Amino acid sequence: MAAVVVLFAAATAGAGSLPYVEFSDEHLYFGRIVWLGTCENCHGYGVADAPIPMKPNEWRHRVSKQREILYDHAINGFFGPDDSYMPERGGNTALSDAEVKAAVDYMVELAKFYIDETGEEK
Amino acid sequence: MKLLSKSLVTLGVMATLGGLSVAVAADVGSTPSITPKAMADALHLVMDSDRAVYTKKIVNRLVKKEKVIKASEHFEDDKALVLPAQMFRFGSELAAKRAADMPDVNFNYSLQSMWPVNKQNAPKTEAEKAGLKFVAENKGENYYAEETLGGKKYFTAIYADTAVAPVCVSCHNDHKDSPKRDFKLGDVMGGVVIRIPL
């Protein structure tokens, strides 16, 4: 289990006191920065039906997907069963594959953190 | 002007206390009443759901997934689908036209922005200006105010309108008349303004 450094971390991106946990792992720290810069704008709020990592029900079935599939969906875009649309690289074409993958890793870790926090029931 | 800002402040306080108790005008002598806030929220829920369905089931599916047609601002020339924002605007124009013949239907709605491609869609009243700023700065929250316009009192609700697809961002960032060109996906681009007379 990844060590949690700051629980209700905020300052880094000036995002206010939001529950975007910071993990001690360097790769995840980098992923968090990418995530806050591009992905949070939708995934933090459910814009366009983007699944929110703080909501276990929206992520329980995704964290168990193969990581390669999640990478592929984040890099190349993905349509959900309901025709909701995850755009290629979150619409930020300047991001490298490595940056998008790090953001995916961070989001998965964040989702797992909340799934653990709330246990099996919701 | 002074009066208006005062009522805005009062209303802000009332709203945070959890809603208003003013009933919508005593129309058709109906007994059950609904607060203007509940009515505005319900109207917005319908508009927003229809809009989401159009965006997902028509635009995303046919343009992005099946790639059988384009969506374009110049949909007639391009023989393309209307953009989701245009779909919304056409609906509001038609509703305004039809409501003119219905004395019991007293409300209007519009899509506005602090950064409008078409200047006509810039906020005009104090509540519109304050509300569009508020929803842009407080993502996920709505804005409610009472305002007096031409001696009449109105309840005005403003809901954020967000860039949900790359086409929203590219169209606004690339448009020659757009005053803002650094939108990102997920940014608040403007707001839906619903106004109900009290």
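Two residues are in contact when heavy atoms of theirs lie within 4.5 Å.

Beyond its neighbours within four places in sequence, B:Glu128 is in contact with B:Gln112, B:Pro123, B:Ile158, B:Val193 and B:Arg195. One of these partners, B:Arg195, is also joined to B:Glu128 by a polar contact of 2.8 Å between the two side chains. B:Glu128 belongs to helix H4 of chain B, which covers residues 126–137. Is B:Glu128 buried or exposed? The relative accessible area of B:Glu128 is 3%, and since buried means under 20%, this residue counts as buried.

The average pLDDT of chain A is 85, and 82% of its residues score at least 70. Where pLDDT is low, the predicted coordinates should not be read in detail.

The secondary structure of chain A consists of 4 helices and 4 strands. Along the sequence these elements follow the order β-β-α-α-α-β-β-α. Chain A has 122 residues, of which 45% count as buried. Among the contacts of chain A with a separation of 6 or more, 51% link residues 24 or more positions apart.

The remaining subject is the interface of the two chains. Chain A brings 16 residues to the contact and chain B brings 15 residues. The area buried between chain A and chain B is about 1,400 Å², with carbon and sulfur atoms giving 56% of it. On the side of chain A, the residues that lose the most area to chain B are A:Asn41, A:Asp83 and A:Tyr85, which together make up 40% of what that side buries.

In a salt bridge between A:Asp82 and B:Lys56, the closest N and O atoms are 2.7 Å apart. Helix H1 of chain A, residues 26–43, supplies the largest share of the side of chain A that touches chain B, namely 3 residues. By residue class, that side of chain A divides into 8 nonpolar, 5 polar and 3 charged residues.

Key. Residues numbered from 1 in each chain as written. Chains lettered and ligands numbered in written order. Predicted model: local features only at pLDDT ≥ 70, side-chain atom pairs only at ≥ 80, totals over all residues. Heavy atoms only, no water. pLDDT = per-residue confidence, 0-100. Buried area = accessible area lost by both parts, 1.4 Å probe. Salt bridge = Lys/Arg side-chain N within 4 Å of Asp/Glu carboxyl O. Helix = DSSP H or I, 4+ residues; strand = E, 2+ residues; numbered from the N terminus. Nonpolar A, V, L, I, M, F, W, Y, C, P; charged D, E, K, R; others polar. Buried < 20%, exposed > 50% of the residue type's maximum accessible area, 1.4 Å probe, protein only. Polar contact = N/O pair within 3.5 Å; in protein donor to acceptor, adjacent residues only side chain to side chain.
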